[in-house]
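Welcome! Take a look at it first, and then we will go through its contacts topic by topic.

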Amino acid sequence: MEKLESILKNDMHPQEIRGVLFDMDGTLFDTERLYRRVWYELQPTRGYVITDEMLDQMRGAGLTKSTAVFEAVNPNHKYPVEREIRMQRAREIIEKEGCPKKPGLDETIAWLQEKEIKTAIGSSSMRKQVLHYLSTVHMEDCFNAIIGGDMVEHGKPEPDIFRLCAETLGLRPEECVVVEDSANGLRAGHAAGCYVIGIPDMNDLAPYRELCDAQLSSLDQLIGWIEAKNLEISQKTD
């Protein structure tokens, strides 16, 4: 495992962390590699053009941005149609192979519940898709709120989804930390006014350090970061 790399911004968030807002794909579950595999598997029969550069731009993005990226290269293909075909194939694979959890997921959720820190999922996937994935690993009751990309007008990198997560939890954005693996997600969390933690999956997040309060190498380091940050805040406010 890479050495923990924490990049702290200036102290703009004096509030104690009371909520954690998770992205899903690439953050909670190791599904982004599956999506990439399926895009390329379907390419010969569907006839669209797909590249790693396109996938990097689309990863973590809402429907509007992903559609623009995809259809700029494929004007004769409708992205929502191709995305649904891809999702159906991904669901079939997950039914057979399971939905792989990121290391530290169970321990992190258990600790947050013990500390009474609220949790939400803010995913660009549709809510029913999020619920389906959670049900495959029996985690559908582990989060206080589940917000899908179909529940907001503007998807990531706009801040709508994380603002709605915080509102649904009854918290202010500045009381929440967003945990993300994509540049689009980091931009959304930063614009929402939350703390932002970047945990790389398939994207190099180093160019986006200015958007982050910290970059960690894996999810299992999140507990230590929250403990340290809340201790730091409590000492400043004593």
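The side chain of K102 makes a polar contact with the side chain of D201, at 2.7 Å. A polar contact here is a pair of N or O atoms within 3.5 Å; within protein, one must be able to donate a hydrogen and the other to accept it, and residues adjacent in sequence count only if both atoms are side-chain atoms. This is a predicted model, in which local features need pLDDT of at least 70 and side-chain atom pairs count only at pLDDT 80 or more, while totals for chains, interfaces and linings use all residues. Residues are numbered from 1 along each chain as its sequence is written, and side-chain values use heavy atoms, with hydrogens and water left out.

**Around K102**

- You will find K102 in the loop between α4 and α5; helices (H or I, at least four residues) and strands (E, at least two) are DSSP runs, numbered from the N terminus.
- With a relative accessible area of 15%, K102 is buried; the terms are buried for under 20% relative accessible area, exposed for over 50%, and partly exposed in between (1.4 Å probe, protein chains only).
- Leaving aside neighbours within four places in sequence, K102 is in contact with G26, T27, L28, F29, D30, R33, D201 and L219, where contact means heavy atoms within 4.5 Å.

**Salt bridges**

- The structure holds 19 salt bridges, each being a side-chain nitrogen of Lys or Arg within 4 Å of a carboxyl oxygen of Asp or Glu.
- One of them joins the side chains of D30 and K102, at 3.8 Å from N to O. This pair links distant parts of the chain, 72 residues apart: D30 is in the loop between β1 and α1, and K102 is in the loop between α4 (79-97) and α5 (105-114).
- D30 counts as partly exposed because its relative accessibility is 28%.
- K156 and D23 also meet through their side chains in a salt bridge, at 3.1 Å from N to O. Here the partners are 133 residues apart, with K156 in the loop between β3 (145-147) and α7 (160-169) and D23 in the loop between β1 (19-22) and α1 (32-46).
- Both K156 and D23 are buried.
- The side chains of E175 and R172 form a salt bridge too, at 3.4 Å from N to O. E175 counts as buried at 6% relative accessibility, whereas R172 counts as partly exposed at 41%.
- A network of salt bridges links R18, R172, E174 and E175.

**Aromatic rings**

- How many aromatic pairs are there? The count comes to seven, using rings of Phe, Tyr and Trp (its six-membered ring) whose centres lie within 6.5 Å; planes under 30 degrees apart count as stacked, over 60 as edge-to-face and the rest as tilted.
- The ring centres of W39 and Y79 are 6.1 Å apart and their planes are at 20 degrees, so this pair is stacked.
- F70 and Y79 form a tilted pair, 5.4 Å centre to centre with 55 degrees between the planes.
- W39 and Y79 are buried, and F70 is buried as well.
- Ring pairs join W39, Y48, F70 and Y79 into a cluster.
- The charged end of R86 sits over the ring of Y35, 4.2 Å from its centre; for this, NZ of Lys or CZ of Arg must be within 6 Å of the ring centre and within 35 degrees of the ring normal.

**Helix α6**

- Which residues of α6 (residues 127-136) are buried? Among them are Q129, V130, Y133 and L134. These residues lie on the same side of α6 because they cover an arc of only 135 degrees around the axis, taken from the directions from the helix axis to the C-beta atoms.
- The buried residues of α6 pack against α1, α4, β2 (118-122) and β3.

**Backbone details**

- H138 follows α6 and has a positive phi, near 60 degrees. H138 is exposed, with a relative accessible area of 69%.
- E116, in the loop between α5 and β2, has a positive phi of about 60 degrees although it is not a glycine.
- The peptide bond from K156 to P157 is cis, with omega near 15 degrees.
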